[in-house]
Amino acid sequence: MYPTILELGPLTLHSYGLMIALGFITILYFMQRDARRVNIEPQAIGDMAFWSLVIGVAACRLTHIIMYSQYYSWTDPIGWIDVRRGGLVFQGAIPAVVLYVYWSLKRRKMSFRTVTDVVMPYVPVAQAFGRVGCFLKGCCHGGRADDLLWAVRFPVGSPAYQLHQERYSAFPADATWSYPVHPTQLYSIVLLLSMCGIMLLIRGRRPFEGVSFPMYFILYGICRFIVEIYRGDGNPTHNWLGFDLSTQQIFCVGMFFSGIAMWAFMYVTRDKNSDPAFPKSTA
């Protein structure tokens, strides 16, 4: 676990922030490359990507504050905005970023469907980088898995260690590692990169322009729901329609069916006179 990569006097480089930055730079390259294939100005994609990142982080934090208000206090105002301590709910970014991008595209007179096919396949890659940061920080860990061959342990001071220390009376007072847990961060990375591959494959043979937009909601809903089964970081569950689901799983169900509905709508309203194929090169 390496929550801090480098410390130089007052300057501290946190692993999570570094991974977010690397993820942003990586996907920006691929999005701008693909923008050229459909005759979109790469700088416009860069501008929207930057503000989407800013708005997305702010929305993630606000959602976490609303969902987990017990962790925030008016006596610690810095804690409300200090994301280095953790506290981001990814789903909170989706509506805010979608609204911003829609408004920005309208203002620029650019096609929403075309731009989403350029952008959306690479969003899971940025999320995968973020999960690397989670693994290095030790957050978003899985539940106990004592007999699992690939289970991982986290050291003293990590979220998993603190949780096990509080939850299990038999936890040794002199233990230096947590109990073995599912490496859910790594599960997420594998699924997110698989999502990218599937979305690029479908985009290459797209049945209609803009297919990447609903496809993201469908696939992410499935992938995150699966990972939540193995999470063990204390997220509460709710009895929803007779099933015990975490808050995140309820979001995932909503995302999946929203994606299905958007797929149907975008397919019915597609331009039947245009070629939906996504260009393979700028030639």
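**Reading the model, term by term**

Author: Gladly! Strand β1 gives the most to the nonpolar patch, with 3 residues. Please keep in mind that this is a predicted model.

Reader: What makes up that nonpolar surface patch?

Author: Tyr2, Ile5, Leu6, Leu8, Leu11 and Leu13 make it, and the patch has an area of about 600 Å². The elements that give two or more residues to it are β1 (4-8) and β2 (11-14).

Reader: How do you know that the length of helix α1 agrees with what it should be?

Author: Helix α1 covers residues 15-37, which is 23 residues, and at 1.5 Å a residue it should span 33 Å. The expected span takes one less than the number of residues. The end C-alpha atoms of α1 are 34 Å apart, so the two values agree.

Reader: Which residues of α1 are buried?

Author: They are Ser15, Met19, Gly23, Phe24, Ile27, Leu28, Met31, Gln32, Asp34 and Ala35. After α1 comes Asn39, with a positive phi near 60°.

Reader: Where else is phi positive in a residue other than glycine?

Author: Lys109 is one of them, with phi near 60°, and Cys140 is another, with phi near 55°. Lys109 lies in the loop between α4 (93-108) and α5 (112-119), while Cys140 is found in the loop between α6 (123-137) and α7 (159-167).

Reader: What makes Lys109 exposed and Cys140 buried?

Author: Let's set each value against its cut-off. Lys109 has 79% relative accessibility, so it counts as exposed, the limit being over 50%. Cys140 has 18%, so it counts as buried, the limit being under 20%.

Reader: How many aromatic pairs are there?

Author: The count comes to 17 aromatic pairs.

Reader: Why is the pair of Tyr100 and Trp103 called tilted?

Author: The ring centres of Tyr100 and Trp103 are 6.2 Å apart, and rings pair within 6.5 Å. Their planes are at 40°; under 30 degrees would be stacked and over 60 edge-to-face, so this pair is tilted. Both residues belong to helix α4, and because they are 3 residues apart, about one helical turn separates them. Tyr100 also counts as buried, because its relative accessibility is 13%.

Reader: What makes the pair of Tyr161 and Phe171 edge-to-face?

Author: The angle between the planes of Tyr161 and Phe171 is 80°, and edge-to-face needs over 60. Their centres are 5.1 Å apart. This pair links distant parts of the chain, with Tyr161 in helix α7 and Phe171 in the loop between α7 and α8 (184-204), 10 residues apart. Tyr161 and Phe171 are buried.

Reader: Which residues form an aromatic cluster?

Author: Tyr102, Phe112, Phe213, Tyr216, Phe217 and Tyr220 form one aromatic cluster.

Reader: How do you know that Arg144 lies over the face of Tyr168?

Author: Arg144 is 4.8 Å from the ring centre of Tyr168, and the distance limit is within 6 Å. A second condition concerns the angle to the ring normal, within 35 degrees. The charged end of Arg144 also sits over the ring of Tyr179, 3.7 Å from its centre.

Conventions: Residues are numbered from 1 along each chain as its sequence is written. This is a predicted model: local features need pLDDT of at least 70, side-chain atom pairs count only at pLDDT 80 or more; totals for chains, interfaces and linings use all residues. Side-chain values use heavy atoms; hydrogens and water are left out. Helices (H or I, at least four residues) and strands (E, at least two) are DSSP runs, numbered from the N terminus. Buried means under 20% relative accessible area, exposed over 50%, partly exposed in between (1.4 Å probe, protein chains only). Rings of Phe, Tyr and Trp (its six-membered ring) pair if their centres lie within 6.5 Å; planes under 30 degrees apart count as stacked, over 60 as edge-to-face and the rest as tilted. Patches are made of residues with over 30% relative accessible area and no salt bridge: like charges are joined within 9 Å, nonpolar side chains (Val, Leu, Ile, Met, Phe, Trp, Tyr) within 5 Å. Accessible areas come from the Shrake-Rupley method with a 1.4 Å probe; for residues, only the protein chains shown count as cover. A salt bridge is a side-chain nitrogen of Lys or Arg within 4 Å of a carboxyl oxygen of Asp or Glu.
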